[in-house]
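Subject: Structure handover

Hi,

Here is the structure I promised to pass on to you. Have a look at it first, and then read my notes below.

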Amino acid sequence: MALPLILASQSPFRATILKNAGIQFTSQKANIDERAVEAPLYETGATPEDVALILSEAKAEEVSQHFPHALIIGCDQTLSLGSEIFHKPADMDGARRHLLALSSKTHQLNSAVVLVQNGQTVWRHVSVAYMTMRHLEPGFIGRHLARVGDIALSSVGAYQVEGEGIQLFDKIDGDYFTIVGLPLLPLLKELRARGIIDG
């Protein structure tokens, strides 16, 4: 009998990705303070990719404590511009500052996914997408944020490429699933290899 799968996230986007792929799973929010986990990492020279992996593992390990015999999927995404890591904006002024900072530049979305069982990480992966934003005039940013509303606050970059946020970009190098925060193809490959899904 296949191990039960649990997604250590309440993200509707990630849940929809798995459901659309035909994966049977349940969702369980991890009870961790992400900023507290992340804070000491900067002193160790951790890369944005490392931070995404460590946060993914922290989420999955916390859920695994409550469901030790399940296979836990942990995910996290960081947005990096050079060495700077961006977090979800707290308010619309923060969203405006994010978009001004990203305007005319190429940033990275670092999407990590891990599998944890019995509190131990058994597989980990990071995919990177390179996002080149066009030049954005401050007036346009204000009008754009007024149109999209509070959904801008739900992502680290203050945009959703699956919606009107696609208009902010000149070029994207990376797959859709990496951009929305769950590298699906590597995960499906690993689940097949483990006999969790039909291969």
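Helices (H or I, at least four residues) and strands (E, at least two) are DSSP runs, numbered from the N terminus.

This is a predicted model, in which local features need pLDDT of at least 70 and side-chain atom pairs count only at pLDDT 80 or more, while totals for chains, interfaces and linings use all residues. Residues are numbered from 1 along each chain as its sequence is written, and side-chain values use heavy atoms, with hydrogens and water left out.

**Confidence**

The mean pLDDT (the predictor's confidence in each residue, from 0 to 100) of the protein chain is 94, and 99% of its residues reach 70 or more. Helix α2 (residues 34-38) has the lowest confidence, with a mean of 85, and strand β7 (residues 169-173) the highest, at 98.

In helix α5 (residues 138-148), the buried residues are F140, I141, H144 and L145. They span an arc of only 130° around the axis (taken from the directions from the helix axis to the C-beta atoms), so they sit on the same side of α5. An α-helix has 3.6 residues a turn, so residues three or four places apart point the same way. What do the buried residues of α5 pack against? Their partner is α4. After α5 comes G149, with a positive phi near 75°.

Within α4 (residues 92-102) you will find H98, which counts as buried because its relative accessibility is 13%. Contact here means heavy atoms within 4.5 Å. Setting aside neighbours within four places in sequence, H98 is in contact with F86, H87, K88, P89, V156, G157 and A158.

**Nonpolar cores**

A nonpolar core is a set of buried Ala, Val, Leu, Ile, Met, Phe, Trp, Tyr and Cys residues joined through side-chain atoms within 4.5 Å. The largest has 22 residues, of which L99, L109, M131, M133, Y159 and L168 touch the most other members. At least two residues of this core come from each of β3, α4, β6 (120-133) and α5. Another core, of 21 residues, lies apart from it and includes I17, W123, L184 and L187. As for L109, the residues it touches include Q77, L79, V128, M131, V156 and I179, not counting those up to four places away in sequence.

**Salt bridges**

How many salt bridges are there? The count comes to 10, where a salt bridge is a side-chain nitrogen of Lys or Arg within 4 Å of a carboxyl oxygen of Asp or Glu. One of them joins D76 and K59 at 2.6 Å, N to O. D76 lies in strand β3 (residues 71-81) and K59 in helix α3 (residues 48-66), so this pair ties together parts that are 17 residues apart in sequence. Both D76 and K59 are buried.

R35 and E34 also form a salt bridge, at 3.8 Å, N to O. R35 is partly exposed, at 40% relative accessible area, and E34 is partly exposed, at 26%. A network of salt bridges links E34, R35, E38, K59 and D76.

Elsewhere, D173 and K171 meet in a salt bridge at 3.7 Å, N to O. D173 is partly exposed at 37%, and K171 is partly exposed at 48%.

Best wishes

Terms used: Buried < 20%, exposed > 50% of the residue type's maximum accessible area, 1.4 Å probe, protein only.
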